[in-house]
Amino acid sequence: MKKVFVKSYGCQMNVYDAERMADVLSGEGFSETTAPEDADLVILNTCHIREKAAEKVYSELGRVREIKEDRARHGLETRVVVAGCVAQAEGAEITRRAPVVDVVVGPQNYHRLPDLLSRARKAKVVDTEFPVEAKFDHLPAASAARTRSRGVSAFLTVQEGCDKFCTFCVVPYTRGAEYSRPVARILDEARRLAEAGVRELTLIGQNVNAFHGEGPGGETWDLARLLEALVEVPGIVRLRYTTSHPRDMSDRLIAAHRDLPALMPFLHLPVQAGSDRILAAMNRKHTADEYRRLIDRIRAARPDIALSSDFIVGFPGETEQDFTETLKLVEAVGFASSFFFKYSPRPGTPAADSTDQVLEAVKADRLARLQAIVEDQRKSFNHGTVGRRLDVLLERPGRHPGQMAGKSPFLQAVQIESDAHGIGDLVSVRITRVGSNSLFGELEGPSPMDAAA
Ligand code: SAH
Ligand code: SF4
Ligand code: F3S
């Protein structure tokens with residue numbers, strides 16, 4: 001059997017896409033391998049969001065070339081595909097810069113992979129078109145066995161692309177305009193995943209809360225309505241969604257956090273910065289105060305909700321005063337975790353042309369200061385769960401024999417001692433202490449929520 005090695009960079013959308021590519025290729029007789037030296041086909045599923053991410057591709061392609069040459073000495077052929085957002089952004093430039101590459105394919109065209117691979121027998125192929133047909137409608141579903149091997153928590157893409165055009169971001173260019181999948185397709189996929197043993201679904205999209213898919217009767221469904229329907233899928237005990245934009249948190253979606261026990265109390269809601277001047281320059285279309293008031297409304301609906309955000313430091317023109325506003329916002333909101341990035345100018349985006357770029361050393365200093373504050377918040381959030389009883393979805397064996405590891409509702413990693421419970425069980429755990437990377441707890445028994453599913 002031929003073997004394919006897929007390596008993904010970047011966001012969850014790429015993780016999901018990588019699985020779909022592996023599914024398409026399994027129909028062509030490829031099995032997956034985790035060893036690139038054994039692979040007849042190497043796929044790099046790339047990310048263009050920051051310069052470092054994009055440059056990684058070329059260093060990785062250097063390693064792939066060595067593997068290809070080594071395999072060739074043993075009479076083995078290796079074919080190389082670059083997929084993902086760098087493929088979309090750079091197209092034929094990739095085959096020029098790295099002749100080892102046979103196929104360049106943008107994120108909208110993965111359903112065409114078998115055809116592209118056969119065309120690449122004659123000449124290099126670059127496909128970065130935005131096709132009229134939606135790729136998801138042409139991609140095969142994974143078999144139950146493959147789904148099971150991927151675990152009890154699964155990503156499900158419901159929305160792709162972005163119409164927001166934040167001035168720092170490449171996503172609207174690499175992923176194209178917002179597109180929501182039809183509801184019937186999503187429900188089918190959810191049922192199939194659940195039948196194969198999946199217990200937790202994370203709905204994903206670049207702007208997932210802007211979801212507006214076509215419902216079974218032709219009417220438009222928003223994300224809240226979709227979540228309400230997914231709660232009914234037998235076997236599914238937990239729902240999450242990511243990533244959301246503050247502008248698209250509708251009243252109904254906020255109410256869903258109050259009304260749907262299966263919707264987990266963890267929300268990733270990126271704010272990026274706390275200065276209104278910078279938020280406006282970023283084209284985020286909301287102020288810091290609007291974000292704070294939104295958080296108040298969400299907390300009124302679901303008081304124990306844990307929040308996380310993305311932050312960019314050193315956006316062009318960011319002064320020390322602007323940065324102080326970010327620190328103030330962080331103090332006011334209180335996050336359970338977050339991601340931090342130094343602003344990276346991206347070709348083709350408006351902010352990259354600004355003459356007001358911030359020095360790298362200043363960016364590094366602000367990054368460290370912001371990180372330190374949120375790290376304290378993260379620790380105090382974790383310590384605050386000690387003594388509490390939390391449901392844990394068991395995902396895999398723990399580090400030591402007899403241990404199991406899973407996630408709390410707040411996405412914290414939790415380790416417990418248990419011989420009686422297996423992967424996929426939702427159990428009730430009393431949290432006893434906080435370790436460096438996970439919480440530890442004592443098993444109390446099965447969760448009542450599990451029986452309800
Ligand atoms: N759709 C999501 C974010 C997708 S990109 C949203 O709107 O929040 C993930 C994160 O990468 C962003 O939230 C942002 O914090 C960061 N990011 C995007 N472009 C960046 C850039 N040019 N430099 C640094 N960080 C960037
Ligand atoms: Fe990028 Fe902004 Fe769209 Fe998020 S909302 S993907 S940051 S343009
Ligand atoms: Fe990166 Fe593309 Fe995702 S740029 S973050 S892989 S949408």
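I began with Ser438, which is buried at a relative accessible area of 6%; buried means under 20%, exposed over 50% and partly exposed in between, with a 1.4 Å probe and protein chains only. Ser438 sits in the loop between β20 (426-434) and β21 (439-446). Helices (H or I, at least four residues) and strands (E, at least two) are DSSP runs, numbered from the N terminus. Setting aside neighbours within four places in sequence, I found Ser438 in contact with Arg399, Ala413, Val414 and Gln415, where contact means heavy atoms within 4.5 Å.

A note on the ground rules: this is a predicted model, in which local features need pLDDT of at least 70 and side-chain atom pairs count only at pLDDT 80 or more, while totals for chains, interfaces and linings use all residues. Residues are numbered from 1 along each chain as its sequence is written, chains are lettered from A and ligands numbered from 1 in the order in which they are written, and side-chain values use heavy atoms, with hydrogens and water left out.

Next I looked up the cores. A nonpolar core is a set of buried Ala, Val, Leu, Ile, Met, Phe, Trp, Tyr and Cys residues joined through side-chain atoms within 4.5 Å. The largest has 68 residues, and Leu201, Leu203, Leu226 and Tyr241 have the most contacts inside it. A second, separate core of 24 residues includes Ala18, Met21, Val105 and Phe136.

Leu203 touches, among others, Leu156, Val158, Leu223, Leu226, Leu227 and Leu230, not counting residues up to four places away in sequence.

Then I checked a helix pair. The axes of α12 (residues 288-301) and α13 (residues 320-333) come within 11 Å and cross at roughly 10°. The two helices are therefore roughly parallel, a label for angles under 35 degrees. Ala288, Tyr291, Arg292, Ile295 and Arg299 of α12 meet Leu329, Ala332 and Val333 of α13. These contact residues divide into six nonpolar, no polar and two charged; Ala, Val, Leu, Ile, Met, Phe, Trp, Tyr, Cys and Pro count as nonpolar, Asp, Glu, Lys and Arg as charged, and the others, Gly among them, as polar.

My last stop was ligand 3. Which residues are around ligand 3? I listed Cys11, Asn14, Thr46, Cys47, His48, Ile49, Cys85, Arg175 and Gln206, each with a heavy atom within 4 Å of it.

How values were computed: Axes are lines fitted to C-alpha atoms, for helices over the stretch in contact, and angles run from 0 to 180 degrees between N-to-C directions. Angles under 35 degrees count as roughly parallel, over 145 as roughly antiparallel, 65 to 115 as roughly perpendicular and the rest as oblique.
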